[in-house]
Amino acid sequence: MPDEREVAQVHCATYTHARRHPMVLGRIAGWTPPFQLSLTQIGVLLVSFYVMVNTWRYWAAPLPSSLALIVGAGVPVGLTWAVRRVRVEGRSLPRAAVGWLALWATPPKGTLRGRPHLDRRAVSLGPVRMNVAAAPPEAP
């Protein structure tokens with residue numbers, strides 16, 4: 001018969017530490033960057049570079065060329081650094097974006113039996129014609 005202390009012990013393992021950290025890219029096509037980037041950071045870096053290049057003619061014209069290059073490279077790098085640990089309602093940016101898209105995609109009045117709930121059309125009871133039959137003659 002096992003000892004009571006042996007029965008009371010529960011052996012388990014938790015893996016929450018692995019879920020707390022974002023997936024990062026450490027090697028790209030055999031090349032290792034000097035720092036690790038999360039997928040969110042890479043997305044912000046690429047999108048911000050794209051926006052800066054496409055809007056170059058609007059904001060870079062009044063600046064000297066060297067300052068324009070510093071701003072053109074510095075803004076995407078700064079945004080990438082800024083989103084490294086951003087949390088929205090306790091979620092990472094991609095999960096928060098998916099949550100917002102799901103919120104915007106749901107019907108405003110919810111669902112009923114798996115379909116969007118729609119209110120029935122209002123029925124007007126105003127000008128309704130009613131024909132009433134005369135009472136039958138009474139028997140003598």
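**Stop 1: helix 3**

Select V47, which is exposed, with a relative accessible area of 53% (exposed means over 50%, buried under 20%, and partly exposed in between, with a 1.4 Å probe and protein chains only). This is a predicted model, in which local features need pLDDT of at least 70 and side-chain atom pairs count only at pLDDT 80 or more, while totals for chains, interfaces and linings use all residues. Residues are numbered from 1 along each chain as its sequence is written, and side-chain values use heavy atoms, with hydrogens and water left out.

V47 belongs to helix 3. Helices (H or I, at least four residues) and strands (E, at least two) are DSSP runs, numbered from the N terminus. Now select residues 39-54, the whole of helix 3. Its 16 residues should span 22 Å at 1.5 Å a residue, and the end C-alpha atoms are 23 Å apart, which agrees; the expected span is 1.5 Å times one less than the number of residues. Which residues of helix 3 are buried? They include T40, Q41, I42, S48 and M52.

**Stop 2: the aromatic pairs**

How many aromatic pairs does a search of the whole structure find? It finds 2. W56 and W59 form an edge-to-face pair, with 5.1 Å centre to centre and 70° between the planes. Rings of Phe, Tyr and Trp (its six-membered ring) pair if their centres lie within 6.5 Å; planes under 30 degrees apart count as stacked, over 60 as edge-to-face and the rest as tilted. W56 and W59 are 3 residues apart in helix 4 (residues 56-59), so about one helical turn separates them. W56 is partly exposed, at 36% relative accessibility.

Next select W100 and W104. Their ring centres are 5.6 Å apart and their planes stand at 85°, so this pair is edge-to-face. Both lie in helix 6 (residues 93-105), 4 residues apart, or about one helical turn. An α-helix has 3.6 residues a turn, so residues three or four places apart point the same way.

**Stop 3**

W100 is partly exposed at 45%, whereas W104 is exposed at 59%.

**Stop 3: salt bridges and loops**

The count of salt bridges is 2, each being a side-chain nitrogen of Lys or Arg within 4 Å of a carboxyl oxygen of Asp or Glu. Select E89, in the loop between helix 5 (65-82) and helix 6. Its side chain meets that of R91 in a salt bridge (4.0 Å, N to O). E89 also has a positive phi of about 55° although it is not a glycine.

Then select K109 and D119, whose closest N and O atoms are 2.4 Å apart in a salt bridge. K109 lies in the loop between helix 6 and strand 3 and D119 in the segment after strand 4, so the pair ties together parts that are 10 residues apart in sequence.

Finish at R113, in the loop between strand 3 (111-112) and strand 4 (115-116). R113 is exposed, with a relative accessible area of 80%, and its phi is near 55°, a positive value in a residue other than glycine.
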